[in-house]
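This report asks how residues pack, pair and face the surface in one protein model. Please examine the sequence and the structure before reading further.

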Amino acid sequence: MKRILRFFIKLFLWFIVLSVGLVVVFKYVPVPFTPLMVMRYVENTDETKTWKHNWVPINDISKNIQLAVICSEDQKFLTHNGFDIEAIEKAYEYNKQGKRIRGGSTISQQTAKNVFLWPDRSWLRKGLEAYFTFLIETIWSKERILEVYLNSIEMGNGIYGVEAASQYWFKTSSANLSTYQAAAIVSILPNPRQYRANPASAYIQKRKEWIVRQMKFYGPFDLKPQK
């Protein structure tokens with residue numbers, strides 16, 4: 001029994017060391033791929049399957065799409081510590097009604113899930129997501145979290161990161177995205193493999209217009225002073 005206990009203690013300590021080490025490495029090094037990218041590629045049996053992912057530093061990403069994702073996905077991103085308790089409670093009450101599942105995840109939580117974990121709704125995954133969210137909020141800056149998020153998120157079928165999405169949907173670089181182009185890309189994030197940013201359906205057009213209005217209300221922001 002003691003031998004088994006020692007084994008699990010060692011396993012736990014190794015997990016802590018490796019996970020913290022990985023978060024520290026990715027504070028400085030671009031994330032080359034995520035578990036979701038690999039899973040999507042393996043699952044896709046189409047002969048024309050693609051994997052487009054071009055990392056760009058945040059200084060080369062338009063402020064328009066930085067603002068668009070904050071307004072659409074997590075308007076408290078600059079002030080919370082990784083978790084939006086109010087949003088989680090609202091999502092919980094909504095989901096109890098048995099309707100389409102609504103998430104309450106922040107950009108920090110989504111980043112932790114995308115980079116370090118697998119797509120699943122299990123309690124184990126959610127627990128690990130909370131752990132990695134705490135780590136990146138502690139070790140990374142808000143600017144780094146947003147940079148990794150924008151470079152890792154799925155933005156189309158086989159399209160990952162804002163640079164690949166900009167080239168795919170609008171034939172331009174992420175640095176040159178206009179307000180409406182940025183809003184169009186962000187508007188498909190609920191289901192990027194089903195929706196199209198360009199040309200936009202009536203539903204995506206409404207989402208795009210809502211995001212643009214939110215961007216105008218939110219106004220300019222600065223990530224630099226955060227940490």
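In this predicted model, Ser108 touches Phe77, His80, Gly82, Thr133, Ile136, Glu137, Lys142 and Ile145, with residues up to four places away in sequence left out of the list. Ser108 belongs to helix α5. Is Ser108 buried or exposed? Ser108 counts as buried because its relative accessible area is 0%, and the limit for a buried residue is under 20%.

The side chains of Lys142 and Glu137 form a salt bridge, at 2.8 Å from N to O. Both of these residues are buried.

**Charged pairs**

Side chains of opposite charge can pair when their charged atoms come close. The model contains 8 salt bridges. The table presents some of them.

| Residue pair | N to O distance |
|---|---|
| Arg125 and Glu129 | 2.8 Å |
| Glu129 and Lys126 | 3.3 Å |
| Lys142 and Glu137 | 2.8 Å |

Glu129 takes part in a salt bridge with Arg125 and in another with Lys126. How far apart along helix α6 are Arg125 and Glu129? Arg125 and Glu129 are 4 residues apart in helix α6, which spans residues 123-139, so about one helical turn separates them. Glu129 and Lys126 are 3 residues apart in helix α6, and therefore about one helical turn lies between them as well.

The surroundings of these residues can be described by their accessibility. Arg125 and Glu129 are both buried. For Glu129, the relative accessible area is 2%. Lys126 has a relative accessibility of 34%, so this residue counts as partly exposed. Elsewhere, salt bridges with shared partners join Arg40, Glu154 and Arg193 into one network.

In soluble globular proteins, nonpolar side chains tend to be buried together. The largest nonpolar core of this model has 52 residues, and those that touch the most other members are Ile65, Phe116, Leu146 and Ile185. Two or more residues each are given to this core by α1, α3 (63-73), α5, α6, α7, α8 (162-170), α9 (179-187) and α10 (202-218). Helix α3 provides the largest share, 6 residues.

**Helix α1**

Helix α1 covers residues 2-28 and therefore has 27 residues. From its first C-alpha to its last, helix α1 reaches 40 Å, close to the 39 Å expected at 1.5 Å a residue. Ser19, Val23 and Phe26 are buried in α1.

**A nonpolar patch on the surface**

Some nonpolar residues lie on the surface instead. Phe33, Val38, Tyr41, Val42 and Trp51 form a nonpolar patch there, with about 470 Å² of accessible area together. One of its members, Val38, is found in helix α2, which spans residues 35-43. Val38 is partly exposed because its relative accessible area is 33%, between the limits of 20% and 50%.

Terms used
Residues are numbered from 1 along each chain as its sequence is written. This is a predicted model: local features need pLDDT of at least 70, side-chain atom pairs count only at pLDDT 80 or more; totals for chains, interfaces and linings use all residues. Side-chain values use heavy atoms; hydrogens and water are left out. Patches are made of residues with over 30% relative accessible area and no salt bridge: like charges are joined within 9 Å, nonpolar side chains (Val, Leu, Ile, Met, Phe, Trp, Tyr) within 5 Å. Accessible areas come from the Shrake-Rupley method with a 1.4 Å probe; for residues, only the protein chains shown count as cover. A salt bridge is a side-chain nitrogen of Lys or Arg within 4 Å of a carboxyl oxygen of Asp or Glu. Buried means under 20% relative accessible area, exposed over 50%, partly exposed in between (1.4 Å probe, protein chains only). The expected span of a helix is 1.5 Å times one less than its number of residues. A nonpolar core is a set of buried Ala, Val, Leu, Ile, Met, Phe, Trp, Tyr and Cys residues joined through side-chain atoms within 4.5 Å. Contact means heavy atoms within 4.5 Å.
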